[in-house]
Amino acid sequence: MQKIASLFGAALLTLAVMPAQAQELTGTLKKIADSGEIVIGHRESSVPFSYLDEKQQPVGYSIDICLKVVEAVKAAVGKDIKVRFVPVNSQTRIPLLSNGTVQMECGSTTNNLTRQQQVSFLPTTFITGTKLLVSKAGGIKSIDDLKGKTVALSQGTTNERVVKAYIEAKKLDTKILPVKDHAEGMLSLETDRVDAYSTDHILLFGLIGKSKTPEKFAVVGDFLSFDPYAMMVPRNDADFQLVGTKAISALFRSGEIETIYAKWFDPMGVPAEPDLKVAFRTQALPE
Amino acid sequence: MNYNWKWGVLFEEPYLGWLISGFGWTVAVSLCAWVIAFLLGSVIGVLRTVPSKPVRLFATAYVELFRNIPLLVQMFLWYFALPEILPADAGRFLKRDLPNPEFVIAVIALGLYTASRVAEQVRAGIESISPGLTNAGKASGLSTAQLYRHVLLPISFRIVIPSMTSEFLTIFKNSSLALTIGLLELTAQARQITDFTFQGFEAFAAATVLYVAIALVVTLLMTVIESRSRIPGYIGSGGK
Amino acid sequence: MGSFDVSVILKSLPFLWEGLQLSLFLTFLALVGGILFGTLLALMRLSGFALLSWPSLIYVNLIRSVPFILVIFWFYFLIPVIVGQPIGGFYSALIAFVIFEAAYYAEIIRSGIQSVRRGQIDAGKSCGLGYWAIQRHIVLPQAFRNMTPILLTQAIILFQDTSLVFVVSLRDFMTVSAIVARTEGRLVEMYVFAAIVYFVICFAGSLLVKRLKAANAT
């Protein structure tokens, strides 16, 4: 009798717990729970956000933040999950996120309204804008000096469009070399194939930092755009997005973000700009 | 499937212009590379059959070298590595002063690669000619040059037209590799349109249709050439 | 960029070896898949039923007229939207290769089958064997023996083609060479090394083909 009672009790307990989880998990969270892994899209040369270390493993500021999100996802699905990294670049990130190949992109992606037609974003984790990277010997001081010169642009970036539009509007007659990613852009500058490479200013500093001859290069000109970075997640998946937003808000609230920031940006000598500090504070939503 | 079809984007500016320009580059790279491949490949193919051993060896080395390294690696060698080995001036010329470096390098890489394959077809064509014909030529007092000029080449080129067709088709497909060195040919433009409009299906369908159209035109053209150049009594014309 | 630096190659050897393993593994799977699917296409083509031979003919000619890069993009970016399931880099490359190579193998196998003399099939029929038994025991074994050299040649081409997975960042030998070349700023060394490795493997393969051809001829 007692046995039956305890069985009955266990069954009741299962009934009480099971549906709660089974019903709540939908969309991306359900896929993650079913497969036991989360697929994260990373970059190969977005220093210091998302790039390959000496062992060719993805590391960086965005990766660290994403791993915090992964912790929150584990709690949400109620089990341990593995992380699988898939390399993406500025051209492949949106198609691969919208077709489900990656479930979150942790790189250096600008949150803008055009992209929000295809994907959703977590809270802003960095603020930057388009500038030019040039070799000091070339004498280029601003984008207007590109008249008749050659500039490398990463295909699929916001910077590509901003610079192209500027060149067309001012009729600068600048030749454009489309490149696959930031490493290839830097490479074409280092090998003197182009006079400038343009992308977000923080990435340009990252590229200089990784260069063998950092003293030869300089970041010049005014900001040509406003680029707030955020992690990309699939569109129309409010549950998954909320898990991510909660995790990142918690980082902002607890101040843990400053530790992560210091880990990646202090070595580069880039203190957090006032804009970014305000962004951290305003996005530190209460539970 | 949750997808918002918009075939209209293909006919909007600037996307239509991008497609046309991509198509233009694909055709331009392929045709220019074919000229190199056909001329150089024919010469190398002939050299593989001549009596002189050192010459044959040289031609064989060319074929083996260019045939056994993937085209993508060859393209990267020409584009990324070569300018760094050359003296600074020449390197700079390749990277900058050349009009359209990506185009020129793509043409050279694709041309030299395909030449090794064309050479093999030409050699096979010449070797398929019965030795009796060669001996007859020699017996009637033809020099080696005359033998090639009047007997071997006219016959072998007609024999190899079908396999040339397939090499000619391949060059159009292989031209897509030029996107890896930044040439905005047809496949690259399809990607760029996807980037700007998020209408991937339409853009890639358009590119696929254009490639198929190229293949149809090429096949048709080569069929005409083949039927006009047929030699009565030879394989391929005898059966019917 | 300074002199030729061998140390950068030595340092990256384990990483490069991983890439080469992926290239070889992909070649092997695509070869098996391509030959199986290609045989099916060839049998359809030779079946004598328009309902089977026409789809095969159209398939082969369609696939042979589009670039591989385009096919791999279809599978990596677009097909997942249709099936509602991501395919991933490795599988989209593998599927694209099988689809692509099958079209080439189908043509090779078709001519291989046609190289088996008609009398053999008639002999099989007169022994009371059915269509599949004739194919299985008489035609295909001989056809495959006749075409082993060509199949191998195509396998070498396939191995070279695996370098194209570079466009979807799958870490094959080509991609890892390019990653090292860029991160170390050693373009000449890495691309020359990649060329040498591919050359040695493919050239050895072509020598093997020559020997097989000579053996078959006798």
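Visitor: What is the mean pLDDT of chain A, and what percentage of its residues reach 70 or more?

Guide: This is a predicted model. Chain A has a mean pLDDT of 91, and 92% of its residues reach 70 or more. Residues 15-22 of chain A, however, have a pLDDT below 50, and beyond near neighbours in sequence this stretch has one contact in the model. Where pLDDT is low, the predicted coordinates should not be read in detail.

Visitor: How do you know that the span of helix H4 of chain C agrees with its number of residues?

Guide: Helix H4 of chain C covers residues 68-83, which is 16 residues. At 1.5 Å a residue the helix should span 22 Å, and its end C-alpha atoms are 21 Å apart, so the two values agree.

Visitor: Where does H4(C) bend, and what follows within four residues?

Guide: The bend is at C:Phe77 and amounts to about 40°. A proline, C:Pro80, follows within four residues. Just after H4(C), C:Gly84 takes a positive phi of about 70°.

Visitor: What makes a residue of H4(C) count as buried, and which residues are buried?

Guide: A residue is called buried if 20 or more other C-beta atoms lie within 10 Å of its own. Among the residues of H4(C) that are buried are C:Phe68, C:Ile72, C:Trp74, C:Phe77 and C:Pro80. Their cover includes helix H4 (93-98) of chain A, helices H9 (186-197) and H10 (200-228) of chain B, and H5 and H7 (131-161) of chain C.

Visitor: What makes a set of residues a nonpolar core, and how many residues has the largest one?

Guide: The members are buried residues of the listed nonpolar kinds, joined through C-beta atoms within 7 Å. The largest core has 127 residues, and those with the most contacts inside it are B:Val73, B:Ala106, C:Ile72 and C:Tyr191. Helix H5 (residues 89-114) of chain C supplies the largest share of this core, 13 residues. Leaving aside neighbours within four places in sequence, C:Ile72 is in contact with residues including C:Ser92, C:Ala96 and C:Val168.

Visitor: How many residues do chains B and C bring to their contact, and of which classes are those of chain B?

Guide: Chain B brings 27 residues and chain C brings 31. On the side of chain B that touches chain C, 18 residues are nonpolar, six are polar and three are charged.

Visitor: Which strand gives the most to the side of chain A that touches chain B?

Guide: Eleven residues of chain A are in contact with eleven of chain B. Strand S11 (residues 175-179) of chain A gives the most to this side of chain A, with three residues.

Definitions and conventions. Residues are numbered from 1 along each chain as its sequence is written. Chains are lettered from A and ligands numbered from 1 in the order in which they are written. This is a predicted model: local features need pLDDT of at least 70, side-chain atom pairs count only at pLDDT 80 or more; totals for chains, interfaces and linings use all residues. Two residues are in contact if their C-beta atoms, placed from the backbone, lie within 7 Å. Helices (H or I, at least four residues) and strands (E, at least two) are DSSP runs, numbered from the N terminus. A residue is buried if 20 or more other C-beta atoms lie within 10 Å of its own, exposed if 12 or fewer, and partly exposed in between; C-beta atoms are placed from the backbone. pLDDT is the predictor's confidence in each residue, from 0 to 100. The expected span of a helix is 1.5 Å times one less than its number of residues. The bend at a residue is the angle between axes fitted to the seven residues ending there and the seven starting there. Ala, Val, Leu, Ile, Met, Phe, Trp, Tyr, Cys and Pro count as nonpolar, Asp, Glu, Lys and Arg as charged, and the others, Gly among them, as polar.
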